[in-house]
2 protein chains.
Amino acid sequence: MLSGHTVFVTSSTKLKMSEFVKFTKLRSTTDCTFWAKFVELKIDKFKLDEKSINLWGSYSLQSLNEDNFNPLVLDFTSFNEDLETINNKSSVICFGHMINTNTFEAFRQINPEQFIDSMGKDIINSIQDGTILQNPWKLSLFLVLAYSDLKKYRFYYWVAHPTPLKLPEMYYEEIPKSITEEFSEKHVEDLCNNFLHLDCRTKNYFTVLISKENKMCIVDLATGINVININNEKQSQDYTEIYFAFYDPCTSSNPGWPLRNLLCLLCWYCPTHYFSKIIKFISIRGNKAQKSLVFKLKTKEYKNYKNIRDNLFLSHLVGWESNSNDKLGPTIADLSDTMDPTKLSDKAINLNLKLMKWRLVPNLDLEKICNLKCLLLGAGTLGCSVARVLLGWGVNNIIFVDSSHVSHSNTVRQSLYNHQDAIKHKYKAHAAKDALLNIRPSINTEGIVLHIPMPGHVVGQSMLESTKQSLKKLEELIEISDVVFLLLDSREARWLPTVLCAAKNKITINAALGFDSYTVQRHGTRNFNNQISPDLEVKNPRGMDLGCYFCNDVTQPGNSQTDRTLDQQCTVSRPGLSQIAAGLAVELLVALLQHPEGVEAEALVGNSRDNINSNDAKLVGLLGCVPHTIRGSLWNYDTQLTITHRFTSCTACSVPVIIEYKNRGLSFVLDACNIPNYLEKLSGLEEILKRPDLDELCYALDNISDEDEDDQKM
Amino acid sequence: MLSGHTVFVTSSTKLKMSEFVKFTKLRSTTDCTFWAKFVELKIDKFKLDEKSINLWGSYSLQSLNEDNFNPLVLDFTSFNEDLETINNKSSVICFGHMINTNTFEAFRQINPEQFIDSMGKDIINSIQDGTILQNPWKLSLFLVLAYSDLKKYRFYYWVAHPTPLKLPEMYYEEIPKSITEEFSEKHVEDLCNNFLHLDCRTKNYFTVLISKENKMCIVDLATGINVININNEKQSQDYTEIYFAFYDPCTSSNPGWPLRNLLCLLCWYCPTHYFSKIIKFISIRGNKAQKSLVFKLKTKEYKNYKNIRDNLFLSHLVGWESNSNDKLGPTIADLSDTMDPTKLSDKAINLNLKLMKWRLVPNLDLEKICNLKCLLLGAGTLGCSVARVLLGWGVNNIIFVDSSHVSHSNTVRQSLYNHQDAIKHKYKAHAAKDALLNIRPSINTEGIVLHIPMPGHVVGQSMLESTKQSLKKLEELIEISDVVFLLLDSREARWLPTVLCAAKNKITINAALGFDSYTVQRHGTRNFNNQISPDLEVKNPRGMDLGCYFCNDVTQPGNSQTDRTLDQQCTVSRPGLSQIAAGLAVELLVALLQHPEGVEAEALVGNSRDNINSNDAKLVGLLGCVPHTIRGSLWNYDTQLTITHRFTSCTACSVPVIIEYKNRGLSFVLDACNIPNYLEKLSGLEEILKRPDLDELCYALDNISDEDEDDQKM
């Protein structure tokens with residue numbers, strides 16, 4: 001028996017040898033794609049679940065110098081469901097489990113010894129119940145304990161390679177030698193070739209037999225154990241030499257950690273041999289196994305090895321990795337700097353939203369919201385605030401339409417603009433687009449400078465061409481949008497968009513401010529086969545029976561800008577109001593989108609608000625109820641939910657108006673702009689106002705008296 | 001009589017002379033200070049008033065070449081109330097009226113002929129009624145018709161120098177000559193010296209007499225007319241020569257426009273002379289009158305001059321200036337580029353606010369709002385939104401306190417941050433400050449990175465010094481603030497600020513978000529002589545009887561961060577919610593400040609909301625009612641106004657707690673952080689909870705069941 005200290009092996013590796021064998025510990029490394037994938041899964045799939053997650057780890061086959069180390073790599077493929085999808089001839093695959101705690105506190109409070117004992121006991125169990133022989137690669141089980149700060153992209157993790165503490169000490173029976181010293185050139189070649197062609201499942205552990213005919217055979221571990229035991233019993237030796245081989249990521253002169261669990265397995269399956277004979281191991285090293293070493297080891301001779309073996313299998317498990325400070329403890333992966341900022345931003349933005357699905361609204365359809373194409377008509381106080389809430393919801397497609405410039409009075413109220421925009425006199429549409437890109441570089445946004453033709457604002461010959469172009473562009477923009485927000489500064493500016501949205505049946509959300517009151521509403525849906533008045537008795541009308549902004553008007557919109565004094569031209573509204581109205585406008589839209597009945601959702605009205613049956617699926621959606629019109633006041637902090645029914649003689653959304661628009665396009669729009677009372681005649685409103693039973697009829701146009709908001713310039 | 005065309009005068013001025021006299025028209029110019037002052041007055045004083053505004057205009061005495069022109073200058077002094085404040089030896093002062101229309105439409109619709117006739121009739125009236133003789137300088141009356149686009153700093157204006165159209169034609173009796181040709185050296189010297197020492201009121205028009213003793217006398221116009229008429233009657237001549245002098249801003253060979261009204265005056269007061277004699281005029285030119293010319297003029301001889309004179313005084317008025325295109329029409333002064341952007345921004349920002357006073361809330365005290373010193377504890381979703389509404393209200397002093405950094409998930413919800421802030425990992429407090437300066441460069445803002453000590457978050461030895469510093473800084477910040485906003489991410493973080501605000505009796509506004517609900521409240525005021533429980537029967541309690549955020553708690557705040565999963569750590573709230581809550585928080589504050597009872601304003605409660613008597617001055621302020629707590633939900637769009645009474649055993653604002661804080665400062669705070677139940681013992685809450693009559697007592701802690709908001713990280 002060797003008791004020397006330093007010996008040399010011909011592989012030119014300096015071997016420091018003590019009496020008993022020390023095992024070089026393993027190291028692992030996490031690729032940033034590992035955490036990126038984990039974040040994705042955590043948010044979308046695992047959510048609050050803290051259960052163990054199955055992982056694959058891999059050693060990539062490479063030829064390293066002694067100073068280097070081949071780490072267990074965790075990357076995005078670690079989360080693949082089955083091994084096949086990552087089978088890779090040039091790596092050695094390990095299997096593991098990860099526990100990710102939801103809080104840092106929970107992470108800190110986990111006892112590492114208990115953790116490794118409970119999570120690693122599979123190794124001992126599967127050796128004892130024999131299942132390990134079918135899957136010997138499970139001997140290299142690894143464990144990950146982690147806490148992920150998903151907001152900051154900081155990951156605390158600690159990896160263990162569990163193995164029983166009380167492994168009987170092993171001694172070197174011979175100086176470790178290179179395979180070239182142990183084997184003939186032919187055998188070395190056979191070993192290397194065979195190793196490379198082994199399945200990744202078998203590469204970790206296998207058996208090398210040399211037959212009586214001096215042929216090298218590569219067989220699995222179970223076969224090797226069988227041969228050992230048969231040899232022991234029969235004393236007949238079909239195979240003259242048996243080597244147990246293991247993939248060894250270590251480069252030092254000592255065998256690596258994976259040998260420990262192999263020794264346990266041999267101790268359990270061939271204890272007589274284990275406690276009395278010399279066992280030969282091949283530590284597979286190098287990218288083609290060409291740097292492999294041969295270790296010949298044996299235990300002390302024990303009188304009662306059964307005790308020793310029982311102790312081994314009752315023993316606590318060990319195997320926590322040291323961190324970069326060479327201390328036992330978790331490693332921190334801080335990916336906030338290394339990830340692409342734009343992608344990081346996108347991930348982070350979606351994070352908050354996806355968290356809603358963890359506990360609060362598991363069925364929330366975020367895709368529907370993110371993919372929404374929103375057209376914001378008006379990029380003033382309301383336009384900016386609406387865009388901000390849409391950003392918050394992760395909406396990816398926002399187009400602004402506005403014809404004015406950023407002025408110095410805008411910046412403190414219009415939350416997308418700053419002092420420089422005013423100095424540069426930027427178009428609001430352009431400045432708004434730039435602001436969104438500054439907040440979220442990946443957003444799909446456009447700013448269109450466009451003046452909307454308006455009834456009462458006469459289009460002269462000189463403006464004919466530009467009016468034609470504006471109409472064409474507006475039609476295109478509404479066509480490609482899912483939702484149109486009316487955030488304009490006058491009543492008449494909302495008319496043409498209302499007509500176009502009705503003709504194309506787009507979701508339309510309208511918001512308007514007074515001094516200390518606001519109106520937020522969704523327009524009803526339009527079906528042009530339906531010319532019958534809605535039933536006014538229905539308590540909660542459906543989308544198709546709801547009105548538009550103009551449905552309770554008894555005159556057509558006209559030029560309200562003429563003769564307006566400065567205080568009427570500017571937003572003279574309490575500054576908090578636009579934030580409140582914009583918040584409600586977007587939330588109303590989102591609630592509508594997440595309602596099972598969608599745009600046809602029944603409208604909640606104020607007087608039924610207190611007794612809502614939350615099982616009433618027509619009224620109550622995923623995010624609650626969806627009123628038609630919300631009117632609020634800062635004077636007494638009241639909010640009223642009111643209804644305007646679809647009006648069959650509406651100057652904007654009624655069938656005669658829409659048909660005329662569809663037939664005549666631009667010339668219809670020009671008539672509406674230039675001819676007083678044109679729309680009143682066309683819609684039939686004029687006739688109605690002449691009827692003797694007008695008073696009764698006015699009952700139909702209910703809520704007119706509620707309309708106390710002034711449209712004012714935003 | 002001369003009928004020549006081109007003659008030469010020895011003053012080296014080329015004189016183009018026709019048979020009859022032409023008058024060179026006047027020009028005026030507006031200094032940007034004129035419009036800046038006007039904007040100020042329009043917004044603060046005139047408001048919607050379109051009445052005529054009195055103006056001063058001035059010609060600065062200067063020596064110009066023939067090609068140049070001395071314009072009538074309007075600057076900020078034009079609006080001075082009386083002439084004395086602008087009396088200036090080196091200028092000639094004119095008097096005028098300005099009409100500024102509130103709308104461009106009104107401006108366009110004014111008929112210039114009617115305008116000049118009606119606004120200029122004072123000239124004719126004051127000649128006819130004799131008042132002009134006391135104030136001959138009013139002969140140079142000017143008129144300004146203007147429309148000011150105060151939002152864009154564009155000013156449309158048109159100046160007129162009214163004079164009757166039908167002035168009888170005058171002919172040159174002699175070639176115009178320089179004063180040096182007309183007068184002796186001594187007389188020229190006398191003229192110049194005397195002119196310079198004339199009062200600015202007399203510089204426009206005066207009389208130069210040459211006595212029999214060949215002495216030159218400068219007298220006023222009335223005296224000159226008198227002399228003429230006496231001469232005519234008496235045929236005795238104390239004065240051998242009479243010259244009527246007028247300040248002439250023109251440099252051409254023709255007399256300037258001011259002569260016209262002088263001729264009218266003479267036509268009225270000495271018609272015989274006017275229609276039969278040669279009249280001599282001195283056109284005062286140059287900075288010392290040294291370039292003055294002498295014109296000797298006469299009319300045709302009329303048989304019946306009375307008709308002519310009557311026609312003159314019944315005639316329409318003329319005198320509109322030509323604009324820079326030499327066309328009759330308004331000039332546009334676009335000051336948006338020339339004004340200092342920062343000042344422009346400040347003016348523009350205040351504009352929108354001041355407009356509220358024009359019509360809607362004339363008594364609004366904007367100074368009180370602008371000068372408010374606001375401390376925002378928390379610069380997250382709520383902090384950013386609150387700052388934006390404060391900006392909108394023109395608040396000039398905003399300090400942010402926050403200890404965290406901008407992360408990628410923040411930018412879409414926290415409206416002061418962008419992608420670059422997240423990449424740079426800026427402190428939120430600093431990024432928020434920078435954002436405000438980018439919006440309004442003149443704002444007074446600071447960002448303080450400070451961690452607020454919290455009950456349940458144990459302060460170990462290592463954190464002692466930093467806790468001490470944090471407390472000191474927080475005390476200082478609250479001391480110098482008028483209002484403290486609690487916009488923090490946990491219940492316990494609000495505790496210390498609540499204690500400090502109660503101890504210093506500062507206005508405290510609290511806002512907290514749930515998933516689809518919010519709470520906004522004002523804390524009650526605190527008077528430490530008042531240890532009696534409030535009367536719970538009062539329907540609308542005053543400020544002193546209202547509770548704080550902790551007044552309905554039955555346990556002291558503890559560490560709520562431990563063991564929170566990601567969805568509990570982040571704002572999992574519907575994105576519109578923070579805008580709504582922030583809007584309400586600031587509007588609640590502003591309504592409170594503008595309430596006649598201020599912080600003691602009675603709190604509106606929900607069930608009395610519909611029957612408010614708007615004359616109830618204790619309940620209804622300038623901006624409506626001021627509730628104690630507003631709770632709103634996006635699920636059914638309801639808002640509830642609730643009350644929590646001041647609780648004499650509150651763990652934050654009760655007398656025993658405040659006294660202990662005042663006595664022990666830091667050690668009190670450390671005990672509160674480190675000792676469980678310390679605050680419950682101190683406040684007496686522990687005793688109360690042990691009492692057998694607890695159930696009855698709980699009635700006192702009403703609304704506890706309403707407290708369903710989760711504090712969540714912002």
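When two helices pack, the angle between them is taken between their N-to-C directions, running from 0 to 180 degrees, with each axis a line fitted to C-alpha atoms over the stretch in contact. Keep that in mind for the first pair of helices below. One more thing before we start: what you're looking at is a predicted model.

## Helices side by side

Let's begin in chain B. Helix α3 (residues 112–128) of chain B packs with helix α7 (residues 258–269) of chain B at an angle of about 30°, and their axes are 10 Å apart. Angles under 35 degrees count as roughly parallel, so α3(B) is roughly parallel to α7(B). The crossing of this pair, α3(B) and α7(B), is right-handed. Who does the touching? On the α3(B) side you'll find B:Ile123, B:Ile127 and B:Gln128, which meet B:Asn261, B:Cys264, B:Leu265 and B:Trp268 in α7(B). Sorted by class, the contact of α3(B) with α7(B) has 5 nonpolar, 2 polar and no charged residues.

Now hop over to chain A. There, the axes of helix α3 (residues 112–128) of chain A and helix α7 (residues 258–269) of chain A come within 10 Å and cross at roughly 30°. That makes α3(A) roughly parallel to α7(A). The crossing of α3(A) and α7(A) is right-handed. The contact is built from A:Ile123, A:Ile127 and A:Gln128 of α3(A), together with A:Asn261, A:Cys264, A:Leu265 and A:Trp268 of α7(A).

Back in chain B, take a look at helix α15 (residues 464–479) of chain B and helix α16 (residues 495–504) of chain B: their axes come within 10 Å and cross at roughly 45°. That angle makes α15(B) oblique to α16(B). The crossing of α15(B) with α16(B) is right-handed. From α15(B), the residues B:Leu474, B:Glu475, B:Ile478 and B:Glu479 meet B:Leu496, B:Leu500, B:Cys501 and B:Lys504 in α16(B). The contact of α15(B) with α16(B) divides into 5 nonpolar, no polar and 3 charged residues.

## Sheets in chain A

Time for strands. Strands of a sheet pair through backbone hydrogen bonds, either parallel or antiparallel.

Chain A has an open sheet of 8 strands, in the order β20-β19-β18-β21-β22-β23-β27-β28, with mixed pairing. Which strands are at the edges? They are β20 (444–449) and β28 (639–642) of chain A, and each pairs on one side only. From one strand to the next, the twist averages 15°.

Helix α16 (residues 495–504) of chain A touches β18 (373–377), β21 (483–486) and β22 (507–513) of chain A, and its direction makes about 160° with that of β21(A). Helix α18 (residues 576–593) of chain A lies across β21, β22, β23 and β27 of chain A, running at about 165° to β22(A).

There's also an open sheet of 3 strands in chain A, in the order β24-β26-β25, again with mixed pairing. At its edges stand β24 (603–604) and β25 (620–621) of chain A, each with a single partner strand, so one side of each is left without a neighbour in the sheet.

| Strand pair | Bridges |
|---|---|
| β23 (residues 517–522) and β27 (residues 629–633) of chain A | 5 bridges |
| β11 (residues 205–211) and β12 (residues 216–219) of chain A | 4 bridges |
| β25(A) and β26 (residues 624–627) of chain A | 2 bridges |

A:Tyr518 stands opposite A:Gly632 in β27(A), A:Val620 stands opposite A:Cys625 in β26(A), and the bridge partner of A:Thr207 in β12(A) is A:Val219. The hairpin of β11(A) and β12(A) has 4 residues between the strands, and A:Asn214 there takes a positive phi near 60°.

## Putting the two chains together

How do the copies relate? Chain B can be laid on chain A with an RMSD of 0.1 Å, by a turn of 180° and a shift of 0.0 Å along the axis. The two copies are thus related as by a two-fold rotation axis. In chain B, the C-alpha nearest that axis belongs to B:Ile580, at 2.1 Å from it. Both copies use the same surface: 100% of the contact residues of chain B recur in chain A.

How many residues of chain B are in contact with chain A? There are 78, and they touch 78 residues of chain A. Helix α10 (residues 341–359) of chain B gives the largest share of the side of chain B that touches chain A, with 11 residues. The residues of that side divide into 40 nonpolar, 23 polar and 15 charged.

Key
Residues are numbered from 1 along each chain as its sequence is written. Chains are lettered from A and ligands numbered from 1 in the order in which they are written. This is a predicted model: local features need pLDDT of at least 70, side-chain atom pairs count only at pLDDT 80 or more; totals for chains, interfaces and linings use all residues. Copies are superposed by least squares on the C-alpha atoms of residues with pLDDT of at least 70 in both. Two residues are in contact if their C-beta atoms, placed from the backbone, lie within 7 Å. Ala, Val, Leu, Ile, Met, Phe, Trp, Tyr, Cys and Pro count as nonpolar, Asp, Glu, Lys and Arg as charged, and the others, Gly among them, as polar. Angles under 35 degrees count as roughly parallel, over 145 as roughly antiparallel, 65 to 115 as roughly perpendicular and the rest as oblique. A crossing is left-handed if the near helix is turned anticlockwise from the far one by less than a right angle, and right-handed if clockwise. Two strands pair if DSSP finds at least two bridges between them.
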